[in-house]
Amino acid sequence: METFTSLMSSLGISSVTHLSFALGIVAHVFFFRKGEWDLYTTHLILCFLSAQIACGAYIFVRNGVTATHAWMLTNTISFHFLFGVFASMMTYRTAFHRLNRFPGPMAARFSNIYLTWLSTKGFRRHEEIMRLHKEYGDIVRTGPSELSIVDPLLFRSIHSQSSGFTKGPWYNLMRPAVSLHMIRDHNEHGHRRKIWDKGFSSKALREYEPRVAYYTQQLLKQIASREGQPVNISTLFNFFSFDVMGDLAFGQSFDMLTDGTAHEYMKSARDDMLTATAFSHLVWILPLLKSIPGLNHRHVQLQKWLATQVDQRRKNPPPSPDIFSWILDGYECISRPTQQDGINLQGDAHLIVVAGSDLTAASLTCLFYQLALHPEIMAELQNEIDQMYAKHAHPDHQDFSKLRYLNACIDESLRLYPPVPSGLQRMSPPQGYQAGDVHIPGSTVVQVPSYTMHRGIAKSFPRQFALFSCVSSDPRFFVQPDEFIPERWTTRPELVRDSSVFAPFSFGPYSCVGKQLGLMELRAVTCQILKQFNVGASENNEPNQFHADVRDGLTLITPDLNLVFVQRDHIDRC
Ligand code: HEM
C-alpha cells in the first residue's frame, strides 16, 4: 500500500484524482443532468470501460509501472470520477433540485430506487401511492424528478394535447420495438394512430363481434361443465381474453379455453410485464438486462416467437379482416420498410394481445367479484338483462350497449378497480406548466393515480386519535368512495361530485383505441353469464382477500377468484 501511495505521489496522481473528481462533477452538471440517458446504458458502460483501458495502457507505457499498478491507478482515477458524478448528483437532488419545494419522503429525493422498492414490495404500488398522498397531500414528490398528482384540473391538462405534456421515459420500456402505445413523438403517434383507428371503426367492430360471441360460448361451456363447484373465474377470463385477442392479432386462438392450460406466450408476456414493472422507474437498467446473455433468455424467446407468428400471419391472411389486417395494410404502404419498421410491426402485434387481454380480463374479474359480493345488485342487473332478452332473442352489441344498469355496474367496478391504478406517465413541457397557482417545472415526470383519485385521500389521523382512524374515505370526488353503488351513475347522481376524474380508458390523443372492443367483451360476457347463471362466492373464499391480493403490475393483476355458478333454470325449478 505504501509503495502504491508513493507511486501515486511520484506520478502526481493525487492531483489527477482531484481532477477526475472535478471531472465527475462537470460530467454530471453539464452532461448527465441534461436530457435522457435511459436508452444509452450499454453505450455509456462501454465508453467508460474503453476509457479505463486507454487510461491504464497510457499509464503503463508512459510511466513504466507494472500492469497491476497501472490497473490499480486506473481504478483509483475511475473511482474518483464516479464519486464526483454521484456526489454532484446527490447534492443537486437534495439541495438545488427544481422539485425540492414539493413534499414527499426524503428517500424519494435521492433516487428512483425508493419508488422501485415501493412498487415491487408486494406489487401494491396503488396502495403505497395512496398512503403517500394521505401523508403529504395532493402533490407528492415520489422520485428525484417525479411527482404524483391528485388534482382534477391538472389531470385534464396533463392528458390534453394543448398543454404540451408528452409521454414520459417509461414509454422507452420495450425498445428497440416501438409499438403505437410506446410512441413518444406526438406527430408520429398521430400518423400511426390513424391506421389503428381504422381497425376499430364501427364496421370493423361488427366483423369482430361473431368472434367475441364464439369465445364467449366456449367460456360458458367451461363454466357449465363445473356448475355448482368453485371456478377460478380470474383464470378463465384471462384465457377468454387472450384467446379473443390471439384470434384478432395472429388469426388463431391460443386455445386456452379448450385446453384449460395457460399458453407459454401468456406466461412470457406476463414475465416481461413484471420485469417492466419492477424497473419502470429505473428504465435505464432494461437495455442492460436485455443485452446480457442468459438473463435475456425469456425475452429473446418471446421476440423470436412474435417474429414467427407475424411471419405466419402475413403468409396466411384470415377469411375476414382482423385488427392486424389494418396494421399490416399500413406497413405494406411503406415504400421501403426499414428493419425498425419490421420490429415495430412485431411490437404492434404484441400490443394488440397484451393491451387487449390483460385489461379486459382484470375488468371482468373485478366486476364479478363485486356482483358476487352484492346479490341484490346482481338480481337487478339480471332483471334488466332478462327484459332485453324478452325483446331480442339474439341481441347484438348495439342492444347490450343500451343497458343502462349494466353500464353503471361496469363503470362502478372500473372506478373501484381502475385497470391502470397508478396512472399513466407523462412529462411536462421543457418550459414547465402553470395551472392556477401550481407550477410544474419543465421535464418533470408526472402521474395521476386513478385508484387514489377514485377513492379519495382524507389525511390519516395521528395514532392518538386511533378511535377515528376508521374514517378514512374522502368524499371529495365520490360520496361513499369505497362502496360499490352502481346507482351513482344512474338514479343517484348526487353520489358523484366530480365525474371528470373518472377516465378508465384515458382521454386525449393517447386514449384507448380499443375502448369499444373492450366494452363489447365486457357487456357480452356479463350478459350471457348472468342470463344463464346465478353467481355466488365460494364458501372458502374470504371476501376481503381478493381486495388484499390485487397487485399493481402497471396494469391491475387480479388474484384467483373462486366463484360458484348455478344455472338459473335449475333454481327456478327448485
Ligand atoms: C376494459 C378494457 C380496457 C381498458 C380499461 C383499457 C384502458 C386503456 C388505457 C387507460 C390506455 C391508455 C394507455 C396510456 O396512455 O399509456 C389504453 C391504451 C390502449 N389500449 Fe386499451 N383498454 C382496454 C381494452 C383494450 C382493448 C380490447 C384493446 C384492443 C387491442 C386495447 C388497445 C389499446 C391500445 C392499442 C392502446 C394504446 C393507444 C395509443 O397509444 O394510441 N385496449 N387502454
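Modeller: Two strands count as paired if DSSP finds at least two bridges between them. Strands (E, at least two residues) and helices (H or I, at least four) are DSSP runs, numbered from the N terminus. This is a predicted model, in which local features need pLDDT of at least 70 and side-chain atom pairs count only at pLDDT 80 or more, while totals for chains, interfaces and linings use all residues. Residue numbers start from 1 along each chain as its sequence is written.

The sheet I would look at is open and has three strands in the order β4-β12-β9, with antiparallel pairing. The edges are β4 (230-232) and β9 (533-537); each has a single partner strand, so one side of each is left without a neighbour in the sheet. On average, neighbouring strands here are turned by 45° against each other, direction ignored. Axes are lines fitted to C-alpha atoms, for helices over the stretch in contact, and angles run from 0 to 180 degrees between N-to-C directions.

Take the β9 side of the sheet. β9 and β12 (residues 562-567) run antiparallel and are joined by five bridges. V535 has F565 of β12 as its bridge partner, and A537 has L563 of β12. On the β4 side, three bridges link β4 to β12, again in the antiparallel sense. There P230 is bridged to V564 of β12. Helix α11 (residues 233-250) lies across β4 and β12 and runs at about 45° to β4; contact here means C-beta atoms, placed from the backbone, within 7 Å.

For comparison, there is a second open sheet, of five strands with mixed pairing, in the order β1-β2-β8-β5-β3. Its edge strands are β1 (139-143) and β3 (166-167), and each has a single partner, so one side of each is left without a neighbour in that sheet. β3 pairs antiparallel with β5 (residues 426-427) over two bridges, and T166 stands opposite M427 in β5. Helix α7 (residues 125-136) packs on this sheet, touching β1 and β2 (146-149), with its direction at about 130° to that of β1.

As for the chain as a whole, it is divided into domain 1 (2-96) and domain 2 (172-573), with bounds from an automatic or database domain assignment. The domain centres, taken over C-alpha atoms, are 48 Å apart. Five residues of domain 1 and seven residues of domain 2 make up the contact.

An unreviewed UniProt entry lists residues 12-32, 44-61 and 73-92 as "transmembrane region". UniProt positions follow the numbering used here, feature names are shortened, and annotations may be inferred rather than shown by experiment. In the model, residues 44-61 are 100% helix, with end C-alpha atoms 26 Å apart. Residues 73-92 are also 100% helix, with 29 Å between the end C-alpha atoms.

Note on methods
Contact = placed C-beta atoms within 7 Å.
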